[in-house]
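Here are my notes on this one, point by point. Have it open next to you as you read.

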Amino acid sequence: MKTTGGSDAAKRNAGESAADLVTDGMVVGLGTGSTAAYAIRAIGRAVDAGLDVHGVPTSFASRELAREAEIPLVALDDVETIDLAIDGADQVADGHLIKGGGAAHAREKIVDTAADRFVVVADPSKEAETLDRSVPVEVLPAARQTVASAVRSAGGDPTLRTAERKDGPVVTDNGNLVVDCEFGLIDTPAALARTLSETPGVVEHGLFVGVADEVHVGRDEGVTVHELSR
Ligand SMILES: O=C[C@H](O)[C@H](O)[C@H](O)COP(=O)(O)O
């Protein structure tokens with residue numbers, strides 16, 4: 001699993017704080033990444049102690065981790081409701097997120113958006129005044145060039161994400177490619193999200209606008225909870 005930014009203690013505090021919200025009978029969306037992993041492990045310990053929950057994984061990686069933690073799983077297409085989703089973020093500004101550092105944002109967006117309550121877990125290195133990190137865009141392989149050209153027309157600078165221990169591109173859990181798009185300061189995330197969503201060949205982009213209900217920012221000691229309005 002890739003690791004990013006903040007300290008392990010901060011990530012653990014954020015993940016465990018969100019896991020404390022899980023109660024008996026819930027269907028819980030299990031996010032991807034090094035911070036959500038702490039929540040998954042904590043839920044696993046609670047299951048071991050008798051908690052009755054079902055998890056909906058957002059990626060191959062979160063499914064593997066949940067299996068290890070012995071959390072009973074249910075497939076996304078077999079659930080009608082998700083009570084709570086817990087997921088990480090690459091950047092958080094004004095309640096809006098950039099996600100997809102692990103290329104899992106397409107399934108994450110389905111699960112996080114469908115959940116009655118979506119809790120983001122992050123360390124302080126993810127907080128920003130304005131979103132300015134590159135936006136991961138999952139694209140159908142055949143649309144790589146046309147999407148890149150549309151991103152340039154929208155003022156962005158697209159780069160095909162390449163794998164670290166394989167020659168060639170990253171291939172997502174859905175069999176697609178990822179184009180990381182630099183836009184500089186993103187002053188109007190909703191407008192950019194709309195433009196990307198309307199581009200043919202885009203499967204999903206990593207801008208999560210107005211989707212989160214809470215952000216739990218872990219610190220080396222303690223957690224700050226920001227409540228948002230969707
Ligand atoms: O595709 C991956 C996800 O969107 C992750 O939730 C995001 O990259 C944050 O991961 P981490 O907690 O490892 O920084």
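**Notes on the predicted model**

1. Let's start with E108: it is buried, as 31 other C-beta atoms lie within 10 Å. Buried here means 20 or more other C-beta atoms within 10 Å of a residue's own, with 12 or fewer counting as exposed and anything in between as partly exposed; the C-beta atoms are placed from the backbone. This is a predicted model, where local features need pLDDT of at least 70 and side-chain atom pairs count only at pLDDT 80 or more, while totals for chains, interfaces and linings use all residues. Residues are numbered from 1 along each chain as its sequence is written.

2. E108 is found in helix 4 (residues 105-114); helices are DSSP runs of H or I with at least four residues, strands are E runs of at least two, and both are numbered from the N terminus. Which residues is E108 in contact with, leaving aside its neighbours within four places in sequence? They are G31, T32, T58, D87 and K99, where contact means C-beta atoms, placed from the backbone, within 7 Å. An unreviewed UniProt entry lists E108 under "active site", though such annotations may be inferred rather than shown by experiment.

3. Now the helix pairs. The axes of helix 1 (residues 8-19) and helix 2 (residues 34-48) cross at roughly 45° and come within 7 Å. That makes helix 1 oblique to helix 2: angles under 35 degrees count as roughly parallel, over 145 as roughly antiparallel, 65 to 115 as roughly perpendicular, and the rest as oblique. Axes are lines fitted to C-alpha atoms, for helices over the stretch in contact, with angles from 0 to 180 degrees between N-to-C directions.

4. On the helix 1 side, the residues that meet helix 2 include K11, R12 and E16; on the helix 2 side, Y38 and I43 are among them. The residues of this contact divide into ten nonpolar, three polar and three charged.

5. Helix 2 and helix 3 have axes that come within 9 Å and cross at roughly 25°. That makes helix 2 roughly parallel to helix 3. A36, A37 and I40 of helix 2 make the contact with S62, L65 and A66 of helix 3. By class, that is five nonpolar, one polar and no charged residues.

6. Within helix 3 (residues 60-68), A61, S62, R63, L65 and A66 are buried. The buried residues of helix 3 pack against strand 1 (27-30), helix 2 and strand 2 (54-57). Just after helix 3, E70 has a positive phi of about 60°.

Note on methods. Contact = placed C-beta atoms within 7 Å. Nonpolar A, V, L, I, M, F, W, Y, C, P; charged D, E, K, R; others polar.
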